[in-house]
Amino acid sequence: MVGGGAADLSPTVAVKIFSAGTAGCVAELVTFPLDIAKVRLQIQGESKPSPEGQMIKYRGVFGTIFTIAKTEGPRSLYNGLVAGLHRQACFASVRIGLYDTMKQVYANGSENAGIGTRLLAGCSTGAMAVAFAQPTDVVKIRLQAQVRLSASGTAKRYSSTFDAYKTIGRDEGVRGLWKGCLTNITRNAIVNCSELVTYDIIKELILNYNLLTDNMPCHFTAGFAAGLCTTIVVSPVDVVKTRIMNSPPGRYSGAINCALIMLMKEGPTAFYKGFIPAFLRLGSWNIVMFMSYEQIKRAFIRYQQSRDSAL
């Protein structure tokens, strides 16, 4: 990312990877109920279209959160949190922590990377993150979508995060843990390009035109812009990804099949189901993550400075 740190020292790759993973986990903790609401709204209507006149179970972001808390208990708002933290520790550390490194590789070491180079770096780290961390995303989606209604008379699919890993691996095989991998690679490449490149460019423009200094207000503004851009671009892919990951074996033959079924049964608006919670989630997630990321990097640099000065 552009901008200088304390005394213009550059953080090492290891510091960036650790800072990104930690910042991703902080953002996950803060915004997780919004993600639960987004997933529930995205899968609503998946099994069968609602008959005319039937009440829709979830209405709006905060209505969804209230309904879940009332019918399933407040703890259900954090269904899949452990898997979510697993995911961020793996995904964020790679896709965000290695972004600057990949950008310099593609730019042959130049600090003035063009937009094409930034997009390529974002696509690469996004795909790399999915390559080894897909099971954490599958488990997180399954647990978030799991409805815990005491009156329903149906047993929960999974009793815990680790039970979900074990059950999916046993019943569906290794392929079950990697379900929707190609869709997720597409999604993550788009997310990274939208998120990191937007943040990078907006932050660079703010600093170049001296609108703000390289501090929290600048990081807040750039993070908000990154969240908005990402939500607009990625929502259709995100809905398809969620449907595929949450589906039982054999429901969809692939991403295109899932998208066509959604289009025919629910119409084009189905691709933007859960848009408001997705924006609230991604907007707030990006703000918290980027602000945390920048501050954690600076804390490491200050520690290094104080350690060096003591020698």
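**A chat about helices and loops**

Student: Where is threonine 67 found?
Tutor: Threonine 67 sits in helix 2, residues 61–72. Helices here are DSSP runs (H or I, at least four residues), numbered from the N terminus. This is a predicted model, in which local features need pLDDT of at least 70, side-chain atom pairs count only at pLDDT 80 or more, and totals for chains, interfaces and linings use all residues. Residues are numbered from 1 along each chain as its sequence is written, and side-chain values use heavy atoms, with hydrogens and water left out.

Student: Is threonine 67 buried or exposed?
Tutor: Threonine 67 is buried, with a relative accessible area of 19%. Buried means under 20% relative accessible area, exposed over 50%, and partly exposed in between, with a 1.4 Å probe and protein chains only.

Student: What does threonine 67 touch?
Tutor: Not counting residues up to four places away in sequence, threonine 67 touches Lys57, Tyr58 and Glu72. Contact means heavy atoms within 4.5 Å.

Student: A new topic: at what angle do helix 1 and helix 5 pack?
Tutor: Helix 1 (residues 13–43) and helix 5 (residues 115–145) pack at about 70°, and their axes are 9 Å apart. That makes helix 1 roughly perpendicular to helix 5, a term for angles of 65 to 115 degrees. The axes are lines fitted to C-alpha atoms, for helices over the stretch in contact, and angles run from 0 to 180 degrees between N-to-C directions.

Student: Which residues in helix 1 and helix 5 meet?
Tutor: From helix 1, residues including Phe32, Ile36 and Arg40 meet Lys140, Ile141, Gln144 and Ala145 in helix 5.

Student: Where does helix 5 bend?
Tutor: Helix 5 bends by about 75° at alanine 133, and proline 135 follows within four residues. The bend at a residue is the angle between axes fitted to the seven residues ending there and the seven starting there.

Student: What is the phi of asparagine 210?
Tutor: Phi of asparagine 210 is near 55°. Asparagine 210 is in the loop between helix 7 (181–208) and helix 8 (216–246), and is exposed at 66% relative accessible area.

Notes: Helices (H or I, at least four residues) and strands (E, at least two) are DSSP runs, numbered from the N terminus. Angles under 35 degrees count as roughly parallel, over 145 as roughly antiparallel, 65 to 115 as roughly perpendicular and the rest as oblique.
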